[in-house]
Amino acid sequence: MPPQNAPAEVPAVPVPELTPATLAVVAGRPAKDPGAPVNPPIVLSSTYVSQGTPPASEKLYTRWDTETWSPFEQAVATLEGARLPGLVFGSGMAAIAAVLSVVPAGGKVVVPRHAYHATLILADELAERYAVTVERVYVADTDAVIAASAGADLVWIESPTNPMLEVADLPAIIVAAHEAGALVGVDNTFATPLVQRPLAWGADIVVHSVTKYLAGHSDVVLGMALTDDEALHQRLWHHRTHHGAIAGPWEVWLALRGLRTLSLRVERSQASAADLARRLTGHADVVEVRHPSLPQDAGHETASRIMDGYGSIIGLRPRGGASGADQLIAAVRLWVPATSLGGVESSLERRRRFATESPTVPDDLIRMSVGIEDVEDLWADLDQALRAAGRRQGR
Ligand SMILES: *Cc1c(COP(=O)(O)O)cnc(C)c1O
């Protein structure tokens, strides 16, 4: 008979006294035994030899658990400062769907007005199918988030938000939401654990679209959920297992390989993003630049106080409205016009091209994901594209 519950004993993750940059390199390696490989193997097997009543600790079937997930789950947990291993999912959305499943029918969830659009679609689905009350808030308005937390089962925060880059005062929100009796889940995709670790502030659950910075090479779609609460861990495991929201072994192996360079990639792309945001601010063909590193940015004060960096996403509104933005995107040569973000290659996209994007996101907003190319090359390409778009508009 197949087990209906997660293994009773979840192995604790050792938290060595090393910096995150080092942990990203060393976590999840095989033991240094003579002749051992330095990387964990990929095991391609759907099932394991077993008979009789299975002990809870034994591997049986890879929808339940597999050794190819564990090193990556341990490594990300170590980076996020989680006591329990993370749970890898087949996508960021699969992880978010698992978290939203903790909201009971007739319950209440607080979500950001601006968040990853599929998250908001799922929240609306909860409202339709399970009579869940969904309250949308501006995450940078701490008082509004705290007020909305009253009676909520789950307060779901993204920070910085996708694509508006609003910054939430997470420590304050987490304390207040807990006082109101709500769980707090944080989508930490944009910040990465190198820039903020919400579990340390008491968040109940942290989620990543691993697809983005953690894997970092635009070659896999994966997600992860992390929690220090054993009961929640069990619920999320149950959801992953019985909804079949699992990841393939190759993808997880690639994500772990990508994770090794997280610190170098984040360091480089953050520095370039801040540099480009500053240069764009003074550009004649630009209406608005959003990046928390800019002193005049609405998120600057909070980000400087609570985060260890400002992230690598820039919001850009060029002159000429939505068509000006489309002209700019058509004119870039180095930057890749594409959705998604967090890869080594710089990419950009006008978000409102999707009908599902929030109507309060400006029509002309371009979300720019800064990669690890030389910043002068990135700037030269943007500058020529801005000028080309300007010429087409008769400037
Ligand atoms: C991309 C993204 C997601 C969804 O992740 P997938 O891996 O595409 O399913 C969720 N949250 C944020 C902030 C994202 O950028």
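This is a predicted model: local features need pLDDT of at least 70, side-chain atom pairs count only at pLDDT 80 or more; totals for chains, interfaces and linings use all residues.
Residues are numbered from 1 along each chain as its sequence is written, and side-chain values use heavy atoms, with hydrogens and water left out.

Let's begin with the sheet. It's an open one, with 7 strands in the order 1-7-6-5-4-2-3 and mixed pairing. When I say strand or helix, I mean DSSP runs numbered from the N terminus: helices are H or I with at least four residues, strands are E with at least two. Two strands pair if DSSP finds at least two bridges between them. At the edges sit strand 1 (87-89) and strand 3 (133-137), each pairing on one side only.

Now, strand 4, residues 154-158. Is it buried or exposed? Buried: that goes for 5 of its 5 residues, where buried means under 20% relative accessible area, exposed over 50%, and partly exposed in between, using a 1.4 Å probe and protein chains only. Both faces are covered, with L154, W156 and E158 on one side and V155 and I157 on the other.

V155 is a handy landmark here. Its bridge partner in strand 5 is V184, and V155 is also the bridge partner of V110. Strand 4 runs parallel to strand 2 (residues 108-112), joined by 2 bridges, and parallel to strand 5 (residues 183-187), joined by 5 bridges. Over at strand 1, things run antiparallel: 3 bridges join strand 1 to strand 7 (residues 223-227), and F89 has G223 as its bridge partner.

On to salt bridges, meaning a side-chain nitrogen of Lys or Arg within 4 Å of a carboxyl oxygen of Asp or Glu. The whole structure has 21 of them.

One of them pairs D275 with R278, at 2.9 Å from N to O. Why are these two about one helical turn apart? Because they sit 3 residues apart in helix 9 (residues 262-281). D275 counts as buried at 17% relative accessibility, whereas R278 is exposed at 55%.

Another joins E349 and R367, at 3.1 Å from N to O. That pair links distant parts of the chain, strand 11 (residues 347-350) and strand 12 (residues 366-369), 18 residues apart. Both E349 and R367 are buried.

Finally, R350 and D363 form a salt bridge, with their closest N and O atoms 3.3 Å apart. R350 is in strand 11, and D363 is in the loop between strand 11 and strand 12.
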